[in-house]
Amino acid sequence: MDFAFVSGNPALDLAGTVGSRRGEPVDALTAPADIERWVAECDELPNRVTADLATFESALSLREAIYRLALDRVLDRPFDPAGLEILNDAAAGPVPVIELSDAGLHMSGDLPTVLSQIARSAIAVLADPRACFKECGRAGCTRIYLDRSRGARRSWCGMEECGNRVKAAAYRARKRAATTAEGSPGALSGLGNP
């Protein structure tokens, strides 16, 4: 399964690794190797980590806490206390090593370091009163993203997956409506009358 990094924050992208949360959830992280691959694909994190079962379960726990807290922001309700505890505990962990070279920025650390970095990123954005959290407008998609668009008018998490699906469905609906209107008896009654 390919990972999508469209939420505007690595913590929200981690939360987005479960799709269709209110229907039949689809979990992109089913084994330790999946979190290793997700971290490697996320530009803002160290690119090589290994996960054992315990750190993998910690990652899943953090993911669910981030989702609940982000949903609290979307719904404008108080933060879930259990989610806050998980997030704050993870943020207290070690920080990644950052090095600058002519090749650019290099970040290194193990999976607990990565989870701490993700938790800190989540805290920064969840604490920002100006951050506009939204849930994707495509039916079935429960991804939460940061709407940084002008006027906060973004409707879906990403154009490639959800935006294109919404636009294609709207186009098909307009075509069906036009075809139905052309084929209705009222539309045809004006034909052949002088």
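Two strands are taken as paired if DSSP finds at least two bridges between them. Helices (H or I, at least four residues) and strands (E, at least two) are DSSP runs, numbered from the N terminus. The model is predicted: local features need pLDDT of at least 70, side-chain atom pairs count only at pLDDT 80 or more, and totals for chains, interfaces and linings use all residues. Residues are numbered from 1 along each chain as its sequence is written, and side-chain values use heavy atoms, with hydrogens and water left out.

Strand 3 (residues 97-101) pairs with strand 4 (residues 104-108) in the antiparallel sense, over 5 bridges. The two strands form a hairpin, with 2 residues between them. Within this pairing, Leu100 stands opposite Leu105 of strand 4.

The interior was described in terms of nonpolar cores, a core being a set of buried Ala, Val, Leu, Ile, Met, Phe, Trp, Tyr and Cys residues joined through side-chain atoms within 4.5 Å. Buried means under 20% relative accessible area, exposed means over 50%, and partly exposed lies in between (1.4 Å probe, protein chains only). In soluble globular proteins, nonpolar side chains tend to be buried together. The largest nonpolar core of the model has 37 residues, and Ile35, Trp38, Ile66, Ile118 and Phe133 have the most contacts inside it. Two or more residues are given to this core by each of helix 1 (10-15), helix 2 (32-41), helix 3 (53-74), helix 4 (81-91), helix 5 (111-126) and strand 6 (144-146). Helix 3 supplies the largest share, 9 residues. Another core, of 5 residues, lies apart from this one and includes Cys136, Cys141, Tyr145 and Cys162.

Contacts were assigned where heavy atoms lie within 4.5 Å. Not counting residues up to four places away in sequence, Ile35 touches Leu14, Leu29, Ala51, Phe56, Ala59 and Leu111. Ile35 is one of the buried residues of helix 2, which are Asp34, Ile35, Trp38 and Val39. Seen down the axis of helix 2, these buried residues fall within an arc of 135° (taken from the directions from the helix axis to the C-beta atoms), so they line one face of the helix. An α-helix has 3.6 residues a turn, so residues three or four places apart point the same way. The cover over the buried residues of helix 2 includes helix 1, helix 3 and helix 5.

Aromatic rings were examined next. A pair of aromatic rings is described by the distance of the centres and the angle of the planes. Rings of Phe, Tyr and Trp (its six-membered ring) pair if their centres lie within 6.5 Å; planes under 30 degrees apart count as stacked, over 60 as edge-to-face and the rest as tilted. By this rule the count comes to 1 aromatic pair. The ring centres of Phe5 and Trp38 are 5.6 Å apart and the planes meet at 35°, so the pair is tilted. The pair links distant parts of the chain, with Phe5 in the segment before helix 1 and Trp38 in helix 2, 33 residues apart. Phe5 is partly exposed, at 30% relative accessibility, whereas Trp38 is buried, at 0%.

Two residues of helix 5 were considered individually. Thr113 is found in helix 5 and is buried, with a relative accessible area of 6%. Leaving aside residues up to four places away in sequence, Thr113 touches Pro94, Val95 and Pro96. Ile123, also in helix 5, is partly exposed, with a relative accessible area of 30%. Beyond its neighbours within four places in sequence, Ile123 is in contact with Leu87, Asn88 and Ala91. Pro129 lies in the loop between helix 5 and strand 5 (133-135) and is exposed, at 68% relative accessibility. Pro129 and Arg73 are 56 residues apart in sequence and 9.6 Å apart in space, C-alpha to C-alpha. Ser20, in the loop between strand 1 (18-19) and strand 2 (26-27), has phi near 50°, a positive value in a residue other than glycine. Ser20 is partly exposed, at 24% relative accessibility. Asp76, in the loop between helix 3 and helix 4, has a positive phi near 55° and is exposed, at 73% relative accessibility.
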